[in-house]
Amino acid sequence: MIQRAWRWRLAAAVTVIGAVVVAASPAWAHVEIDPSSEPKGATVVFAFRVPTESPTASTVRLDVQFPTNFPFANVLVQQKPGWTFTTQSAPLPKPITTDDGTFTSAVTQVSWVATAGGIPPGAFDLFNVFATLPTNTSKLTFKAVQTYNDGTVVSWIQLPTKGAPPPDHPAPVLNLTKAQPGS
């Protein structure tokens with residue numbers, strides 16, 4: 001009888017630990033922005049941090065939609081060995097003037113495609129961009145779509161709803177802090 005109670009307790013403990021691990025694992029596995037905050041109007045490098053959650057497939061593509069309500073006139077993408085990238089732009093309803101000139105279009109999407117291997121299971125990679133951030137918002141939301149070499153597609157596009165639990169597949173967010181003097 002004591003042995004049966006011990007086995008039941010052990011099974012219950014393993015179940016609880018397993019549930020905690022399963023519940024906690026998505027929290028660190030999201031596509032996120034690194035660093036998570038930057039000053040308004042700053043010209044910075046920030047990265048999309050992409051983990052491969054699949055135990056059997058590699059990440060081979062990342063598509064990131066840039067916010068159109070707070071447009072980016074100019075985005076430079078850092079080259080990555082083993083990856084190619086493309087950018088898409090759209091005309092602006094009203095031109096934007098910056099220190100770099102006047103722009104009539106804005107970047108709407110950047111896509112990276114693996115030319116060799118991709119991001120294997122249990123690994124992550126950073127996809128860097130260089131851009132001047134808008135000054136008229138406190139956060140920027142980027143929708144990201146991650147594609148695996150087995151055809152699985154994970155859309156990191158969900159927006160949080162006030163009063164609701166965090167979404168399972170949240171869109172990456174860059175928080176903008178007070179502008180630095182001289183930016």
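How much space lies in the second largest pocket? In this predicted model, about 180 Å³ of space lies there, and the residues that line this second largest pocket are His 30, Val 31, Glu 32, Ile 33, Ser 36, Arg 49, Pro 160, Pro 167, Pro 170, Ala 171, Pro 172 and Val 173. Divided by class, this lining has eight nonpolar, two polar and two charged residues.

The largest pocket, for its part, has a volume of about 550 Å³, and its lining is made up of 24 residues, among which Ile 96, Thr 98, Thr 132, Leu 133 and Pro 134 lie nearest the centre of the pocket. Two elements, strand S6 (83–98) and strand S8 (124–132), are those that give two or more residues to this lining, and the largest share, three residues, comes from S8. Sorted by class, the lining of the largest pocket holds twelve nonpolar, nine polar and three charged residues.

Thr 52 counts as buried because its relative accessible area is 6%, where the cut-off for buried is under 20%. The side chain of Thr 52 is joined to that of Thr 59 by a polar contact of 2.8 Å. When residues up to four places away in sequence are not counted, Thr 52 touches Ala 57, Ser 58 and Thr 59, and also Ile 119, Pro 120, Pro 121, Gly 122, Ala 123, Gln 146 and Tyr 148.

Conventions:
Residues are numbered from 1 along each chain as its sequence is written. This is a predicted model: local features need pLDDT of at least 70, side-chain atom pairs count only at pLDDT 80 or more; totals for chains, interfaces and linings use all residues. Side-chain values use heavy atoms; hydrogens and water are left out. On a 1 Å grid over the protein atoms alone, a cavity is a set of points where a 1.4 Å probe fits but cannot get out, and a pocket is an open set with protein on both sides within 12 Å along at least five of seven lines; lining residues have an atom within 4 Å of a point. Grid points are joined across faces, edges and corners, and a volume is the space filled by probe spheres set on the points. Helices (H or I, at least four residues) and strands (E, at least two) are DSSP runs, numbered from the N terminus. Ala, Val, Leu, Ile, Met, Phe, Trp, Tyr, Cys and Pro count as nonpolar, Asp, Glu, Lys and Arg as charged, and the others, Gly among them, as polar. Buried means under 20% relative accessible area, exposed over 50%, partly exposed in between (1.4 Å probe, protein chains only). A polar contact is a pair of N or O atoms within 3.5 Å; within protein, one must be able to donate a hydrogen and the other to accept it, and residues adjacent in sequence count only if both atoms are side-chain atoms. Contact means heavy atoms within 4.5 Å.
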